[in-house]
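Subject: Structure handover

Hello,

Here is the structure I promised to pass on. Please open it first, then read my notes below.

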Amino acid sequence: MFDEIMRKFEDSPSQQAVIRLLLERGFSVNDEGRVVSGGIEIPNTGIAREIDVDRRVVDATTDAILEDEELRRIFQNISAIPSLMDLAPVLDLTVLTVRVGDADQPGIVAAVTGLLADNDISIRQTISEDPEFTDEPKLYVITDEPLDGELINEIRELPFVRKIELE
């Protein structure tokens, strides 16, 4: 899906940058062509500044979204989910990031969270990036407790795991 969306903007890398930002942040486009998060409008100048494009590129992108029925359905229904990842150091939480070889393989989340549950580790939040919307999707698991070396090794030995990181 991500590739299909990006193909619609293949003639404009600047518009692709706008699309990427909207998807990454979970920003919607309302009927007036304004970028919103929930009911809060995000000024196009702020979006343009964030990705270093002209404000008119944001306008053109939102116009194109509204003119395409498929894009309109996607971008009028997308929403952001609050994440504990940036708060983890402040709240003394552990963030486990799992990179996999094939993100479409079933059972990734179940296997990782199952190992944590088997070790009596409470999970505060799990975020799984959609392989349709990002080039290298990751699984993030935020826990109350640090993970011991034996558990880290068990996770690392799962057949689909390519790399893990701890914060």
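Start with Asn44. Asn44 is buried because its relative accessible area is 3% (buried means under 20%, exposed over 50%, partly exposed in between, with a 1.4 Å probe and protein chains only). Asn44 lies in helix H3. Helices here are DSSP runs of H or I with at least four residues, strands are runs of E with at least two, and both are numbered from the N terminus.

Two notes before you go on. This is a predicted model, with residues numbered from 1 along each chain as its sequence is written, and side-chain values use heavy atoms, leaving out hydrogens and water. Local features need pLDDT of at least 70 and side-chain atom pairs count only at pLDDT 80 or more, while totals for chains, interfaces and linings use all residues.

What does the side chain of Asn44 join in a polar contact? The partner is the side chain of Asp59, at 2.5 Å. A polar contact is a pair of N or O atoms within 3.5 Å; within protein, one must be able to donate a hydrogen and the other to accept it, and residues adjacent in sequence count only if both atoms are side-chain atoms. Leaving out residues up to four places away in sequence, Asn44 touches Arg34, Val35, Arg55, Val58 and Asp59. Contact means heavy atoms within 4.5 Å.

Now take the whole helix. H3 covers residues 44-51, and Asn44, Ile47 and Ala48 are buried in it. They sit on the same side of H3, because they cover an arc of only 100° around the axis. The arc is that of the directions from the helix axis to the C-beta atoms. The buried residues of H3 pack against helix H2 (13-25), strand S2 (35-37), strand S3 (40-42) and helix H4 (55-67). Just after H3, Asp52 takes a positive phi of about 60°.

The whole chain

Step back for a moment. The protein chain has eight helices and seven strands. Its C-alpha atoms fill a box of roughly 55 × 30 × 25 Å along the principal axes. Of its 167 residues, 40% are buried. Take the contacts between residues at least 6 apart in sequence: 64% of them join residues at least 24 apart. The chain exposes about 9,600 Å², and carbon and sulfur atoms supply 45% of that. Accessible areas come from the Shrake-Rupley method with a 1.4 Å probe; for residues, only the protein chains shown count as cover.

H8

H8 covers residues 149-156, and Leu151, Ile152 and Ile155 are buried there. Seen down the axis of H8, these buried residues fall within an arc of 100°, so they line one face of the helix. Their cover includes S4, H7 and strand S7 (161-166). Asp148 caps the N-terminal end of H8. One of its side-chain oxygens lies 3.2 Å from the backbone nitrogen of Glu150.

Lys138 is in strand S6 (residues 138-143). Is Lys138 buried or exposed? Lys138 counts as buried, because its relative accessibility is 17%. Its side chain reaches the backbone oxygen of Glu136 at 3.4 Å. Setting aside neighbours within four places in sequence, Lys138 is in contact with Thr97, Val98, Arg99, Ile127, Ser128 and Glu129.

Ile123 is in strand S5 (residues 123-128). Ile123 counts as partly exposed because its relative accessibility is 31%. Beyond neighbours within four places in sequence, Ile123 is in contact with Thr113, Leu116, Val141 and Ile142. Ile123 and Val57 are 66 residues apart in sequence, and their C-alpha atoms are 41 Å apart in space.

Two loop residues

Most residues other than glycine have a negative phi. Asp92 has a positive phi of about 60° although it is not a glycine. Asp92 lies in the loop between H6 and strand S4 (94-100). Asp92 counts as exposed because its relative accessible area is 65%. Asp120 also has a positive phi, near 55°. Asp120 is in the loop between helix H7 (108-118) and S5. Asp120 counts as exposed because its relative accessible area is 66%.

Best wishes
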